[in-house]
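Take a look at the model, then try each task before reading on.

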Amino acid sequence: LGARVAPMLEGPSRYEKPADNMSCRDIGLDVKTWIEKEYVDYICPALFNTTFPGGLPKTAEFVELTRDSACGVYPTIWPRASWMATGPDSGPVEADDPVRMRRYKDDLCRHALQCYEEGADGISTFNWLPHEQPGMMDVLEHRKVWGMGAKKIQMYIHPLLGDQAKVREYLEQE
C-alpha cells in the first residue's frame, strides 16, 4: 500500500503556492505513525501542481523518517519546468527544437538524480502523461501544455527512472 503525501513533514510551506503545498502535519497526515505501525509500504512525497527547478519535496527528511523501516520513499517529480510557464522561453517544447528538448531532458534527469542523492528508493511520476499518444485521448490537452518534444522526452525517460545509472547515462547523452 502506498500513499501520496505532502512535500514536507512539518513546518511552513516554502513554495510558491503555500495553500497547495502544506506539510503533512498541517493537513492531518500522521506519516510517522503509518511507518512505525507498518500501515504503508511506500510513500510518495509530492508538491501539488508545481514547476522545476525547486519543485521537489523534502526527500531527505522522509528518507530519515523511514531509515529503520521497510517503507520506501518515492518522491514525485512534476514534468513542467518554470521556464516553460513564464519568461522568454515559455511555451511548449516542440519536437523540432533540439535545444529546448535537451534542456528539458537535462532538467528531468537532474531532478531525478537529486532525489536519489537524497536517498529516494525510486521516483514517482504521478500526473505524467507519456502514455497519451497523438490521435488518441488528449488528456489535459497535453500537447498544448508541454509540447510533443517534451512528451517524447517523458516517454523515453519514464522507464529509465527506476535506475540511477540509466538516468545519469541519459543525462550525459547529447
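**Aromatic rings in a predicted model**

**Exercise 1.** Find how many aromatic pairs the whole structure holds, and classify the one formed by Tyr 42 and Tyr 74.

*Solution.* Step 1: a search of the whole structure gives two aromatic pairs. Step 2: for Tyr 42 and Tyr 74, the centres are 5.7 Å apart and the planes make an angle of 80°. Step 3: an angle over 60 degrees counts as edge-to-face, so this pair is edge-to-face.

**Exercise 2.** Work out which parts of the chain the pair of Tyr 42 and Tyr 74 ties together.

*Solution.* Step 1: Tyr 42 belongs to strand S2 (residues 42-45). Step 2: Tyr 74 is in the loop between strand S3 (72-73) and helix H3 (82-85). Step 3: the pair therefore ties together parts 32 residues apart in sequence. Tyr 74 is partly exposed, with 28% relative accessibility.

**Exercise 3.** Describe the pair formed by Tyr 156 and Tyr 170, and decide whether Tyr 170 is buried or exposed.

*Solution.* Step 1: the pair is tilted, with 4.8 Å from centre to centre and 45° between the planes. Step 2: Tyr 156 lies in helix H6 (residues 148-157) and Tyr 170 in helix H7 (residues 164-172), so parts 14 residues apart in sequence are tied together. Step 3: Tyr 156 is partly exposed at 43%, whereas Tyr 170, at 6%, is buried.

**Exercise 4.** Find which charged end sits over the ring of Tyr 170.

*Solution.* The charged end belongs to Lys 105, and lies 4.9 Å from the ring centre.

Methods: Residues numbered from 1 in each chain as written. Predicted model: local features only at pLDDT ≥ 70, side-chain atom pairs only at ≥ 80, totals over all residues. Heavy atoms only, no water. Phe/Tyr/Trp six-rings, centres within 6.5 Å; stacked < 30°, edge-to-face > 60°. Helix = DSSP H or I, 4+ residues; strand = E, 2+ residues; numbered from the N terminus. Buried < 20%, exposed > 50% of the residue type's maximum accessible area, 1.4 Å probe, protein only. Lys NZ or Arg CZ within 6 Å of the ring centre and 35° of its normal.
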